[in-house]
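Hi,

I'm passing this structure on to you, with some notes to read beside it.

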Amino acid sequence: MKVSRRGMLAGAAAAGAAGVVGTVGVAARGEAAAVETSAETTTARTPVEITWFGTHAWEIRCGKSVVLTDPWLTRFKTGTFTPEGADPKTKLVIKPDVIDRHLTTADAILVHHGHYDHMADVPYVAKKTQATVLGTQTHVNLLKAMRTQEDLLSPVRGGEYFPFDGFSIEVYPSLHSCSGKRHTYAYPGYYLESVPPRPRVIEDLVEGGTLAYVITIGGLRILSLSTANFDPNALRGLQVDVAFAAPGGEPGITDRLLQTIKPVKKVIATHWDDFDKPLDQPSVPWTDIAPLRASVEKTGAEFIVLDHLQKITL
């Protein structure tokens, strides 16, 4: 495995990230070997490059094929991780110069749920790349309200299998993480029948259903979860090589995930950074990811943590 930087990060990791962003190690054994998939015969492996842009924004690249998950690179202050919490009336902002600095092309954009830190940049990225955008009917209606090019939008609900040139996408129903006394999450809601008014503030981008995806690319199967929660009925017995897993949610949720799917070789931490902080600076955690690490490592899987703009090749 090869680990490198895209661009220069300013100095060492911030004090708040001490002990979180450490050496990124991926076992070299088996990298050139074939990978067994649950649905297909053994497939030859081709290197897959994975880059993290903070939150759940990932670029997955193999040869000329590029898949983006929740590409939100425009970070602005909301107060989400302060004692007061996010101001729901925070205006939505899109910074094309930030996006253009890091994203050039894509074949597919996978929307996992509709919150601003997952979907606010999608209209611009879709127009720029002309990628196919997958999301729930609510996500599609919100994206239409944000003037997204309609012929790029593909509504899904879970159960779909889509072959693309160089990769395939499987769609699974999923769940958003819940927390607090009432087991809730921010900005619930749906727009199933019609296109809403254009979103202007962060509370206008409602969750709208949550999805999980499996990306099969270069002979590697990657499970992409945008929050700690998941649908055990949908994922039971799933076989993948890599899983993106987030901290937070209800106690023991990662333990249950790793007991639900078949044993996985590598788990990559996602959505653990304070996204009010700049993308071009070292990531600062919004929570302690030690429990996530412990949950992963006790299964024998390798736990991988990347910093902003860092990439690995698997």
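Is R221 buried or exposed? R221 is buried, with a relative accessible area of 2% (buried means under 20%, with a 1.4 Å probe and protein chains only). Before going on, please note that this is a predicted model, where local features need pLDDT of at least 70, side-chain atom pairs count only at pLDDT 80 or more, and totals for chains, interfaces and linings use all residues. Residues are numbered from 1 along each chain as its sequence is written, and side-chain values use heavy atoms, leaving out hydrogens and water.

R221 sits in strand β11 (residues 220-224); strands are DSSP runs of E, at least two residues long, and helices runs of H or I, at least four, numbered from the N terminus. The R221 side chain makes a polar contact with the side chain of T216, at 3.1 Å (a pair of N or O atoms within 3.5 Å, one able to donate a hydrogen and the other to accept it).

Next, helix α4 (residues 137-145) is mostly covered, with 7 of its 9 residues buried. Among them are H139, N141 and L143. Their cover includes α2, α3, β6 and β7. Just after α4, R147 takes a positive phi of about 70°.

Finally, α6 (residues 253-260) and α7 (residues 290-297) pack at an angle of about 25°, their axes 9 Å apart (axes are lines fitted to C-alpha atoms over the stretch in contact, and angles run from 0 to 180 degrees between N-to-C directions). That makes α6 roughly parallel to α7, a term for angles under 35 degrees. T254, D255 and L258 of α6 meet L292, S295 and V296 of α7, contact being heavy atoms within 4.5 Å.

Best wishes

How values were computed
Parallel < 35°, antiparallel > 145°, perpendicular 65-115°, else oblique. Buried < 20%, exposed > 50% of the residue type's maximum accessible area, 1.4 Å probe, protein only.
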